[in-house]
Amino acid sequence: GSRAFLSITTGFTTGAVSGEDGVLEDLHAAGLALDVNFKTPSQADKRTPFQLAKKVITVCAPLLAEDSVALGLGLYSDHLHVDFRPTSLEWVGAGAVNAEGTAISTDEFIDQVFLWRNPGAQLLGSPDCTGLEEVALGKTMPPDETAAEACGEADAQVTRDAGLGFERMVKFRSNNVVINVNETAIGTGFMTPRAWVLLRVLAKLVEKEWPDTKLELLASWNANPDEVFDALNLQFEGRTLKVKFAVGGSGDLGKLSMFAVCGGFNHVARFGDHLMLSVSKQKGRLSRMAVFPSASTLFLEVDVPHHLPDLAEIYSDPHAAVE
């Protein structure tokens with residue numbers, strides 16, 4: 001094909017510019033942001049902001065991750081916004097379209113970026129939860145097991161300075177899940193790819209059942225370097241999520257526990273106003289997702305953790321964690 005050239009529509013500025021959701025950003029003023037598009041855009045020749053986003057994620061993001069630099073990506077009708085920030089973030093502006101030229105939402109763009117980051121991954125639709133029972137108050141599924149017993153104890157705390165160990169963590173973002181960020185839950189919003197996929201499934205089930213209700217994520221990854229490591233606390237590896245209904249929600253916690261089991265979480269514990277949802281060990285970023293017939297159980301097969309290269313034997317059997 002013909003050679004393609006890029007056009008930088010906005011680079012360094014001397015003042016703040018409007019960013020995601022109208023929030024004033026100073027990343028352009030700091031020289032950390034670009035608005036870019038093809039010089040001669042063409043949907044037919046795949047010269048679009050969407051295709052630029054794919055190149056940024058597949059080519060640039062892995063290189064930046066080695067230096068713990070994350071990207072902000074804003075997809076617009078006539079350009080792609082790219083900036084450097086501590087944690088990744090994606091959003092869409094008015095008129096943004098996908099590869100087929102049809103409108104794309106922020107959640108759909110987030111899903112697409114996840115797939116670009118994790119080749120071979122599959123996003124799951126809503127499973128059939130017919131015939132499944134709720135988890136009783138104070139009980140767990142599987143019955144009478146702790147999260148560590150059902151999902152495997154934590155091997156080590158993943159920290160922000162763990163290089164690729166931290167890079168494998170995924171930041172959860174969704175329009176119908178509120179992230180509760182506070183000083184006592186450092187790292188909330190980050191989790192393993194398996195937990196990310198299953199929380200997306202749960203959020204979709206909630207949206208379908210209670211359209212006006214959102215989930216609230218209270219904790220997911222314990223990134224506090226001052227806390228003493230506890231192998232029974234899976235949040236040290238981003239494998240246990242604490243969730244409840246957001247303020248103003250009208251959902252039923254018992255039914256939510258059933259959805260969590262149906263959605264594929266390997267351990268579900270129900271408390272007075274929240275659930276603790278845990279996932280089995282996984283061996284790295286992502287390989288493939290399989291769906292088992294019984295109860296629509298989901299399983300993620302992945303590679304050895306980047307931060308635990310000496311534990312390959314433990315992770316060698318992809319079904320060991322779910323037997």
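**Exercise 1. Locate Asn98 in the chain, decide whether Asn98 is buried or exposed, and find which backbone nitrogen lies by its side chain.**

Solution. Start with the position: Asn98 sits in the loop between strand S7 (89-92) and H2, where helices (H or I, at least four residues) and strands (E, at least two) are DSSP runs numbered from the N terminus. Next, take its relative accessible area, which is 15%, so Asn98 is buried (buried means under 20% relative accessible area, exposed over 50%, partly exposed in between, with a 1.4 Å probe and protein chains only). Finally, a polar atom of the Asn98 side chain lies 2.9 Å from the backbone nitrogen of Glu100.

The model is predicted, so local features need pLDDT of at least 70 and side-chain atom pairs count only at pLDDT 80 or more, while totals for chains, interfaces and linings use all residues. Residues are numbered from 1 along each chain as its sequence is written, and side-chain values use heavy atoms, with hydrogens and water left out.

**Exercise 2. Describe how the axes of helix H2 and helix H5 cross, and which residues meet.**

Solution. Two packed helices are described by the angle between their axes and the distance between the axes. The axes of H2 (residues 106-117) and H5 (residues 193-209) come within 13 Å and cross at roughly 155° (axes are lines fitted to C-alpha atoms, for helices over the stretch in contact, and angles run from 0 to 180 degrees between N-to-C directions). H2 is therefore roughly antiparallel to H5 (over 145 degrees). Asp107, Ile110, Asp111 and Phe114 of H2 meet Pro193, Trp196, Val197, Arg200 and Lys204 of H5, where contact means heavy atoms within 4.5 Å.

Note on methods:
Parallel < 35°, antiparallel > 145°, perpendicular 65-115°, else oblique. Polar contact = N/O pair within 3.5 Å; in protein donor to acceptor, adjacent residues only side chain to side chain.
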